[in-house]
Amino acid sequence: MKRSFLSAGRDYSTLHAVWQARIFTSHLRYNQFILVLQGTHLMNTDDWFRLADQCARFLAGHGRVALTPHEMLTQLAASTPPDLQPDMYGSGELITNFEKRVADLLGKEAGVFMPSGTMAQQIALRIWSERKHSPHVAFHPTCHLEIHEQKAYQLLHGLHGVLVGSPYQLMTLDDLQQVRDPLAALLLELPQREIGGQLPSWDELVAITTWAREHDIALQMDGARLWECQPYYQRPYAEIAALFDSVYVSFYKILGGIAGAMLLGPQDFINEARLWQRRHGGNLVQMYPFVLSAQHGLDTRLARIPQYCAKAREIAGILSTFPQVTVMPNPPQTNMMHVFIRADRDRLEEAAAQIARDQKIWLFRYYAPSQIPGHCKVEFTVGDATLEFSTEEIQSLFDRLINAAI
Ligand SMILES: Cc1ncc(COP(=O)(O)O)c(C=O)c1O
């Protein structure tokens, strides 16, 4: 079905301002998530969007757009009891039952639904910092708070971010032991998105979290993609979450909700988080569209995650047969991977555009410059749309892309 980006009510003037600054986010209408890029492109944004609009199939994520607003609201209406009452400033059966459901799933005492993970994690770190009487909070150099939130943790909350380890590798216990600041909290992202969705082994995760506990450092999990980690750890979500004092999860990434996040932890921590949510202007009078879509995502997509992860491994196997391609991590540990392609960026974009024109198949939006000279990087997230492609088809698409670009 053809859908128009221009009818989506997005703020294009803001988009252009961001474009001019050459700092791009990729999840306007795409379930392919954020990737920070710099540099020039062959086509302007509108041309890319127009081209995407003409495509019938999408290789990554759940497709170009999960659902139009009309489709989304119709789907939600169909599964919503007619007498269900809206939430009101965070209270009401719908939102409180959902908070309890996720808290039970993650083995936490309580949870609070929030409009965004950005808000949830700043609040979590603020609370841990006050409780531990230290402004120092540690995270990986590619942490969302560091590279995507305009230093809000510092400007709004007076926190000091301590970057631990290399931006190109997972943080290790050894990296952490080098830190000299007395830390209030350690935030660990599972999986680490900006390095292809890598995960520490279970033993390393236990070692890091045990060390943090022994040093009275609160543990916050950035679980934006926690749902995708379960097949790798082969443990219940609650067992993974038990390593952390507080956890944030997202409902709009692999689960495909409209937006929304939840912060979970001990009851007193969540009570305090609600105060901060109010201070942030984040306990909206009604959030039921977000809650209903989050609930729907859990009901429908959580069970498919092992399938997405298995497909990612299968795809990595195919891509590894191309001498111009390096997959990271290989094999993928979740449903995502970063794919480095030895080819000229402009030629890759042009080749992808040609495939979109001829075959009506949309591959990737961004072919980012990478740290490996002569290579571009794409983020490949496997979702519902990817499952529709056979192995052979993916192989022939990459064959065409690469041969046209080198
Ligand atoms: C790893 C990670 N943490 C936090 C966030 C913040 O989520 P939100 O967009 O709900 O603010 C994101 C969003 O992309 C993310 O990828």
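Student: At what angle do the axes of α15 and α17 cross?
Tutor: This is a predicted model, in which local features need pLDDT of at least 70, side-chain atom pairs count only at pLDDT 80 or more, and totals for chains, interfaces and linings use all residues. Residues are numbered from 1 along each chain as its sequence is written. Helices (DSSP runs of H or I, at least four residues) and strands (runs of E, at least two) are numbered from the N terminus. Helix α15 (residues 345-359) and helix α17 (residues 391-405) have axes that come within 8 Å, and the angle at which they cross is roughly 135°.

Student: How is α15 classed relative to α17?
Tutor: Axes are lines fitted to C-alpha atoms, for helices over the stretch in contact, and angles between N-to-C directions run from 0 to 180 degrees. Under 35 degrees counts as roughly parallel, over 145 as roughly antiparallel, 65 to 115 as roughly perpendicular, and the rest as oblique. The class of α15 relative to α17 is therefore oblique.

Student: Is the crossing of α15 and α17 left-handed or right-handed?
Tutor: A crossing is left-handed if the near helix is turned anticlockwise from the far one by less than a right angle, and right-handed if clockwise. For α15 and α17, the crossing is right-handed.

Student: How many residues in the contact of α15 with α17 are nonpolar?
Tutor: Two residues are in contact if their C-beta atoms, placed from the backbone, lie within 7 Å. Arg347, Leu348, Ala351, Ala352, Gln354 and Ile355 of α15 meet Leu397, Arg400, Leu401, Ala404 and Ala405 of α17. Ala, Val, Leu, Ile, Met, Phe, Trp, Tyr, Cys and Pro count as nonpolar, Asp, Glu, Lys and Arg as charged, and the others, Gly among them, as polar. In the contact of α15 with α17, one residue is polar, two are charged, and the number of nonpolar residues is eight.

Student: What is the bridge partner of Ala110 in β8?
Tutor: β2 pairs with β8 (residues 261-265) in the antiparallel sense, over five bridges. Within β8, Ala110 has as its bridge partner Gly265.

Student: How far apart are the axes of α5 and α12?
Tutor: Two packed helices are described by the angle between their axes and the distance between the axes. Helix α5 (residues 117-132) and α12 pack at an angle of about 120°, and the distance between their axes is 10 Å.

Student: In which sense does α4 pass α13?
Tutor: α4 and helix α13 (residues 288-301) pack at an angle of about 40°, with their axes 10 Å apart. These two helices are therefore oblique to each other. The crossing in which α4 passes α13 is left-handed.

Student: Which strands are the edge strands of the sheet of four?
Tutor: Four strands form this open sheet, with antiparallel pairing in the order β9-β10-β13-β12. Pairing on one side only marks the edge strands, β9 and β12 (368-369).

Student: Which peptide bond is cis with omega near 5°?
Tutor: Pro329 and Pro331 both have their place in the loop between β9 (325-328) and β10 (336-342). A cis peptide bond joins Met328 and Pro329, with omega of about -10°. The cis bond with omega near 5° runs from Asn330 to Pro331.

Student: How many charged residues are in the shell around the ligand?
Tutor: A residue is near a molecule or strand if its C-beta atom, placed from the backbone, lies within 6 Å of it. Of the twelve residues around the ligand, Ser116, Gly117, Thr118, His144 and Ala224 come nearest. The shell has four nonpolar and five polar residues, and its charged residues number three.

Notes:
Two strands pair if DSSP finds at least two bridges between them.
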